[in-house]
Protein chains: 2
Amino acid sequence: MSSRGGSPTIVDVAREAGVSIKTVSRVLNHEPGVHESTREQVLKVVEALRYRPKQSARSLAGGRSFLIGLLYYDPSAAFVGSVQQGATLRCRELGYHLVVESLHNDAPDLRQQIDRMVLALRPDGMILTPPLCDNPEVLAALRDSGTPCVLMSPERDLPGVPSVRMDDVHAAEEITNVLLSLGHQRIAFIKGPPDQSASGMRYQGFVSALRAHGLTPDPDLIQPGDFTFASGRDAAHQLLSRRQRPTAVFASNDDMALGVLAAAQRLGLPVPAELSVVGFDDSPTAGLVWPPLTTVRQPMAAMARAAVEMLVAVQRPDMAGAPDDPELHKVLPHEIVVRDSTRAR
Amino acid sequence: MSSRGGSPTIVDVAREAGVSIKTVSRVLNHEPGVHESTREQVLKVVEALRYRPKQSARSLAGGRSFLIGLLYYDPSAAFVGSVQQGATLRCRELGYHLVVESLHNDAPDLRQQIDRMVLALRPDGMILTPPLCDNPEVLAALRDSGTPCVLMSPERDLPGVPSVRMDDVHAAEEITNVLLSLGHQRIAFIKGPPDQSASGMRYQGFVSALRAHGLTPDPDLIQPGDFTFASGRDAAHQLLSRRQRPTAVFASNDDMALGVLAAAQRLGLPVPAELSVVGFDDSPTAGLVWPPLTTVRQPMAAMARAAVEMLVAVQRPDMAGAPDDPELHKVLPHEIVVRDSTRAR
DNA sequence: CTGAAAGCGCTTACAG
DNA sequence: CTGAAAGCGCTTACAG
């Protein structure tokens with residue numbers, strides 16, 4: 001006779017299988033030292049009763065919540081979607097669940113909001129996306145609470161704090177090489193805001209690719225930008241009205257590249273016939289404009305999966321995770337996406 | 001002396017405040033019948049100890065998880081971001097947390113995936129987005145588990161199941177009126193896929209606005225589409241090569257409108273000078289293309305907030321929610337966003 | 001290889 | 001207006 005009404009508990013399973021609840025617990029948690037026949041019997045009953053252990057009970061007794069938190073600031077940021085998708089799928093595979101929280105990076109009660117979530121939910125780990133992963137207040141709140149964190153593409157790595165990222169410098173080099181191999185020589189570059197480290201790294205990759213081809217960056221072809229559509233459009237207006245126009249533009253993110261496209265169109269300059277354009281990010285929009293943008297795809301979903309794995313691994317005390325562990329800072333491979341905004345000159 | 005090590009519990013608060021844990025519980029849950037001075041004393045200690053009740057303990061004892069689930073299929077769908085943002089913010093205000101889960105609408109183990117989440121987490125409510133909110137299997141799994149649901153923009157309303165939506169017919173009428181009032185008479189329409197009810201409603205609004213102006217829809221100017229960029233582009237190629245071109249195109253979603261923009265650009269037809277274009281959705285991309293798109297903004301965040309509120313309200317048994325409650329099916333106001341893709345002819 | 005006991009930190013009846 | 005007791009459904013030591 002199963003418990004009346006509600007869904008089955010571990011007691012129902014134990015009674016039905018003729019074992020103690022401890023044994024059921026062992027089987028469900030893949031603990032060693034259970035006779036094969038016992039295990040099978042338990043699993044059969046679990047199946048028959050459609051039993052699933054209740055998270056709140058496991059959490060209260062065992063101190064693990066099976067919850068991973070994802071903190072983000074700007075929900076419209078292109079990467080949030082992919083990060084979340086990767087994280088939620090990997091969580092499911094590992095028996096975890098993803099709790100999301102949107103936080104203003106400069107909210108006065110940031111600390112309180114984090115404390116509330118952490119103390120109430122006790123997530124087993126937290127994934128931090130930019131710019132929250134570089135916010136000292138956020139980092140401090142999480143450190144104080146003892147919540148394991150993984151930083152996604154932080155400005156700089158912190159000793160002892162796991163992170164996942166891609167290689168911006170190398171990616172910028174590669175996509176510059178795409179342009180160079182198409183015969184472009186006069187390549188303009190639109191920078192990101194100086195306070196973001198990605199800006200510098202992408203510029204560095206651009207310059208390094210140029211130099212490797214025996215070219216020197218032309219200061220006239222370097223324009224400032226701030227990663228917004230408008231700044232890309234304005235920079236392009238400047239660049240495309242030079243006496244000697246560039247034949248290609250490398251906008252250091254997609255939003256600005258979209259701005260370049262808009263400017264070119266307005267000036268009646270056909271892309272890619274008269275001008276090649278590349279971006280960086282592979283935002284959802286990049287493939288939906290005309291012409292579709294050649295760009296760099298950040299391995300966001302893979303990074304998120306890796307982050308979840310690192311967080312779950314931390315749960316097992318055997319994986320101490322020394323502060324100098326090289327595995328603490330992962331760099332994942334990116335992808336160059338060649339579409340129709342680039343052409344040989 | 002507080003409990004050594006770990007964070008404070010209700011026992012610590014009770015001891016410190018000189019009351020029983022039951023009284024602390026009363027204060028924290030805003031239960032009536034606590035003397036004002038007692039309440040203040042308790043709150044003072046709560047503040048001093050930075051005490052927050054643990055979700056797992058509350059959930060296990062009280063049967064409420066303070067978790068709301070958000071189920072979605074396509075993470076890149078424009079509306080998911082706004083829905084999630086609205087839901088997560090409202091959850092925070094109400095002391096809840098949002099757990100997200102991405103599900104394939106046609107996964108063979110859909111039922112199992114839902115059962116796993118529901119039985120493990122016991123969310124107090126679930127928000128379903130299209131197309132999951134119209135998936136009989138999903139609906140059945142949730143009904144069987146007794147989890148309260150709110151459907152976001154379902155194809156059709158189900159008796160007794162709460163829903164939130166906007167008025168597609170009316171919105172389509174209004175945006176058609178925008179074109180009509182600009183002097184356009186030859187207005188083309190690109191339909192959505194026949195199996196989505198939004199397609200029919202938007203077309204209906206279009207026709208009704210035309211008729212109200214004494215115009216009859218011209219079959220030559222009605223093209224099929226399927227809500228994809230490609231279908232919009234192809235439909236536009238057809239329309240713009242007619243002997244007598246339309247002066248405006250109403251694409252029944254933004255992705256298709258973006259396709260129209262691409263086609264016009266390719267044909268050298270300047271928008272909005274020679275052709276006005278309107279979409280529907282106000283997707284993130286709509287404002288980032290050139291020219292920025294005139295479109296309809298769905299009140300996604302507001303709908304999500306309303307959904308959370310309905311779910312939280314259900315928790316209180318006093319709100320029975322009769323199957324014929326008119327409040328069960330909410331219709332929220334939309335917004336017409338006029339940008340630069342439309343001009344008087 | 002298996003189990004009986006205690007306890008995680010709250011809320012729910014039930015008293016007074 | 002306030003409290004003592006029981007219990008939610010698991011896991012953690014601890015035995016054997």
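Guide: Buried means under 20% relative accessible area, exposed means over 50%, and partly exposed is in between (1.4 Å probe, protein chains only). Keep in mind that this is a predicted model: local features need pLDDT of at least 70, side-chain atom pairs count only at pLDDT 80 or more, and totals for chains, interfaces and linings use all residues. Residues are numbered from 1 along each chain as its sequence is written, chains are lettered from A and ligands numbered from 1 in the order in which they are written, and side-chain values use heavy atoms, with hydrogens and water left out.

Visitor: Ok, which residue forms a salt bridge with A:Glu309?
Guide: That's A:Arg90, and the closest N and O atoms are 2.5 Å apart. A salt bridge here is a side-chain nitrogen of Lys or Arg within 4 Å of a carboxyl oxygen of Asp or Glu.

Visitor: And where do A:Arg90 and A:Glu309 sit in the chain?
Guide: The pair links distant parts of chain A: A:Arg90 is in helix H5 (residues 78-94) and A:Glu309 in helix H12 (residues 300-315), 219 residues apart. Helices (H or I, at least four residues) and strands (E, at least two) are DSSP runs, numbered from the N terminus.

Visitor: Is A:Arg90 buried or exposed?
Guide: A:Arg90 counts as buried, at 17% relative accessibility.

Visitor: How many salt bridges are there over all chains?
Guide: The count comes to 42. One of them joins A:Glu36 and A:Arg39, with the closest N and O atoms 4.0 Å apart. Both lie in helix H3 (residues 36-49) of chain A, 3 residues apart, about one turn of the helix.

Visitor: New topic: how many aromatic pairs over all chains?
Guide: There are 12. Rings of Phe, Tyr and Trp (its six-membered ring) pair if their centres lie within 6.5 Å; planes under 30 degrees apart are stacked, over 60 edge-to-face, and the rest tilted. B:Tyr203 and B:Phe206 make a tilted pair, 6.3 Å centre to centre with 35 degrees between the planes. B:Phe206 is buried, with a relative accessible area of 0%, and B:Phe206 also pairs edge-to-face with B:Phe250, at 6.1 Å and 75 degrees.

Visitor: Which charged end sits over the ring of B:Tyr203?
Guide: The one of B:Lys191, 4.3 Å from the ring's centre. The rule is that NZ of Lys or CZ of Arg is within 6 Å of the ring centre and within 35 degrees of the ring normal.
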